[in-house]
Amino acid sequence: MAGTIVLAVDPLNPDIKSIRRAAEVIKEGGLVAFPTETVYGLGANALDAEAVRKIFVAKGRPLDNPIIVHIASVDQLDILTDRPEAATLRLAERFWPGPLTIVLRKSSRVPEVVTAGGDTVAIRMPDHRVAASLIRESGVPVAAPSANVSERPSGTTGVHVLEDLGGKIDLVLDAGMVRIGVESTVLDLSVEPPAILRPGAVGLEDLEAVLGKIDMGSRGEGLARSPGVRHRHYSPRASLILVEASQDAVVLELARQRMKSGDKVAILTQIPSSYESRTQANIVAMPAGLDDYARQMFAVLREMDAKAVDVIIVEGVEERGIGRAIMDRLKRASSSGK
Ligand code: TXA
Ligand code: MG
């Protein structure tokens, strides 16, 4: 590929000419990275197997990891699934557009490469004007994983996308930083009771209010059903060590040991004052509010790589609301055995 075209667009009022240019690329079977409210996605025409295959190549994504299909209106459900059930429509009504992905039985029109050969398809309607108008102008559902090289932290700005995928994709619609910063909640509706396969901004309680009992899906079973969560994920190049909150002594000792062996160490904490003048490690202040924490998290992990940090010690956050999604990503980033 000659080079990646970057079009800057206003997130609230995107220029229709730029959107149409990107939509042409999708229609012709190319790859377009675009912002959503969660993270940037790397999109292709979901009904074109050849185009979707290019996503796997650009990201270095294992072929056994299925891809979420993005739609701009509830009508497009009919292309992807044979008969949407009442529960799906209730969820769509309540949470779409928004950070909820629903896994349903797929129709025969969805190519196997999208679903990694499985009989279910994951669908979401993003809450972002750029994403919505791109899907609408393309006239097809858009398959899109997060726009990062496989296993790296998801991209939350156009700059991150270019860092990972520049030269490997056709076009980036750059609308600056996203609003939420962690990927959507993935809910499997193809099983009974429904199961959360990945926590996100839409919480368990929100979903239970609509559906009744839901499985947290943290057991082995859930893992097998969502192939993506088996793979290592969200990892910076540095190794990441997650420590429970309020364990300053543990963090300081870990930092001391790693620095002694010559590693460059950073400590990510919501209470930087508790470390000041107690360590030589680089102290990184994380936002006290969980929404801001989520929004910044992947950018901070990337920044640590840019600073050539070897070890990132992260204090755990409270596991409520979006804190569950934050902890999920931090645990996955740390479970690498690097
Ligand atoms: O917020 C998001 O969901 C972002 C934006 C771009 O929409 N997308 C995203 O895609 O995070 P990706 O590919 O990075 O993560 C999708 C997750 C993976 O864990 C994948 O295994 C799971 O959803 N998934 C996709 N299709 C599935 C299916 N049919 N059954 C179970 N899990 C599925
Ligand atoms: Mg991803």
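Let's start with one residue, N45. Setting aside neighbours within four places in sequence, N45 touches I26, A51, V52, V140 and P141. Keep in mind that this is a predicted model.

Where does N45 sit? It belongs to strand β3, residues 41-45. Is N45 buried or exposed? Its relative accessible area is 11%. Buried means under 20%, so N45 counts as buried.

Next, a pair of helices. Helix α4 covers residues 86-95, and helix α8 covers residues 204-211. They pack with their axes 10 Å apart, at an angle of about 130 degrees. Which residues make the contact? From α4 come A87, R90, L91, R94 and F95. From α8 come D206, L207, V210 and L211.

Last stop, helix α12, residues 323-334. How long should α12 be? It has 12 residues, and at 1.5 Å a residue it should span 16 Å. The C-alpha atoms at its ends are 16 Å apart, so the two agree.

How much of α12 is buried? The helix is mostly covered, with 9 of its 12 residues buried. Those are G323, A325, I326, M327, D328, R329, L330, R332 and A333. And what covers them? The cover includes strands β10 (195-198), β11 (239-243) and β14 (311-315), along with helix α11 (290-306).

Terms used: Residues are numbered from 1 along each chain as its sequence is written. Chains are lettered from A and ligands numbered from 1 in the order in which they are written. This is a predicted model: local features need pLDDT of at least 70, side-chain atom pairs count only at pLDDT 80 or more; totals for chains, interfaces and linings use all residues. Side-chain values use heavy atoms; hydrogens and water are left out. Helices (H or I, at least four residues) and strands (E, at least two) are DSSP runs, numbered from the N terminus. The expected span of a helix is 1.5 Å times one less than its number of residues. Buried means under 20% relative accessible area, exposed over 50%, partly exposed in between (1.4 Å probe, protein chains only). Contact means heavy atoms within 4.5 Å. Axes are lines fitted to C-alpha atoms, for helices over the stretch in contact, and angles run from 0 to 180 degrees between N-to-C directions.
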